[in-house]
Amino acid sequence: MTALLAGSFFMAQAQQKAKPEDTEVWEPVPEVVKPGEVSIEAPADAVFLFNGKSLDQWVSTNDRSKPAGWTVSDGVMTVNKQAGNIETKKAFTDYQLHIEWRIPENINLEGQSRGNSGLFLASTGKGDDGYELQLLDSYNNKTYVNGMAGSIYKQFVPLANPARKPGEWQSYDVFWKAPVFAEDGSVKSPARVTVLFNGVLVQNNVELLGPTQYIGKPSYKKHGPAPIKLQAHGDKSVPISFRNIWIREL
């Protein structure tokens with residue numbers, strides 16, 4: 001066996017042995033912070049991605065020729081887990097994003113199965129490919145801290161836990177700086193993100209290690225402008241809802 005083949009063989013073996021638990025962090029647990037009242041109206045130059053009326057700005061992630069299959073009722077968009085992930089028709093680079101979301105009052109199950117979804121700040125392919133800001137019920141719900149609400153999933157633990165009770169509306173305000181790549185695919189500048197969760201700073205201009213990786217370590221692969229994606233997580237808990245989603249391109 002040549003050195004090159006041997007290296008590839010042992011790398012494949014290592015990947016097969018890797019488990020999701022290998023990249024879970026459980027301590028220290030972020031401090032619980034009671035959030036204040038937050039009310040942010042869309043500025044004049046913002047574009048609504050969801051204004052409570054239709055999903056015209058969204059398509060199916062797995063087949064972008066198909067419309068988004070989630071439900072809209074009473075100004076609210078609710079996840080349809082059978083329809084799968086959805087993403088914006090338009091691709092973005094740098095932006096400011098506001099999104100409001102609600103864990104249902106009758107939420108069931110526990111841990112990562114309790115109200116799980118994800119806001120992918122840049123969708124880089126089908127399924128769950130991309131950079132994920134976690135959505136989860138983190139009100140009295142124990143899980144690994146780099147997988148709780150406000151985390152950059154499997155990368156960065158939130159600075160605090162300002163989650164509201166199930167049944168109450170919550171908000172993220174995201175300031176996203178997309179990665180920049182050289183012609184050869186190398187990273188000239190990595191992605192950066194700042195996140196306010198219910199008005200509380202939980203990610204402070206963090207430098208991402210690459211797109212989200214459920215098993216193993218993240219690494220970058222060259223891409224350009226990308227859609228924003230919302231996840232229909234495969235657990236069996238009651239689906240979560242969204243409203244008032246707007247964006248400002250920077």
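This is a predicted model: local features need pLDDT of at least 70, side-chain atom pairs count only at pLDDT 80 or more; totals for chains, interfaces and linings use all residues.
Q: Nice. What order do the strands of that open sheet come in?
A: The order is β2-β5-β14-β7-β8, which makes 5 strands with antiparallel pairing.

Q: And which strands stand at the edges?
A: Those are β2 (58-60) and β8. Each has a single partner strand, so one side of each is left without a neighbour in the sheet.

Q: Changing topic: how many residues does the largest nonpolar core have?
A: That core has 44 residues. Among those with the most contacts inside it are Leu119, Tyr172 and Trp176. Elements that give two or more residues to this core include β7 (117-123), β8 (130-135) and β9 (169-177).

Q: Which element gives the most?
A: β6 does, with 4 residues.

Q: What about pockets? How much space lies in the largest one?
A: About 420 Å³. The largest pocket is lined by 20 residues, with Val32, Ser138, Tyr139, Asn161 and Ala163 closest to its centre. By class, its lining has 10 nonpolar, 5 polar and 5 charged residues.

Q: And the second largest pocket, how much space is in there?
A: About 230 Å³. Its lining has 15 residues, and Glu132 and His233 are among those nearest the centre. That lining divides into 5 nonpolar, 6 polar and 4 charged residues.

Definitions and conventions
Residues are numbered from 1 along each chain as its sequence is written. Side-chain values use heavy atoms; hydrogens and water are left out. A nonpolar core is a set of buried Ala, Val, Leu, Ile, Met, Phe, Trp, Tyr and Cys residues joined through side-chain atoms within 4.5 Å. Buried means under 20% relative accessible area, exposed over 50%, partly exposed in between (1.4 Å probe, protein chains only). On a 1 Å grid over the protein atoms alone, a cavity is a set of points where a 1.4 Å probe fits but cannot get out, and a pocket is an open set with protein on both sides within 12 Å along at least five of seven lines; lining residues have an atom within 4 Å of a point. Grid points are joined across faces, edges and corners, and a volume is the space filled by probe spheres set on the points. Ala, Val, Leu, Ile, Met, Phe, Trp, Tyr, Cys and Pro count as nonpolar, Asp, Glu, Lys and Arg as charged, and the others, Gly among them, as polar. Two strands pair if DSSP finds at least two bridges between them.
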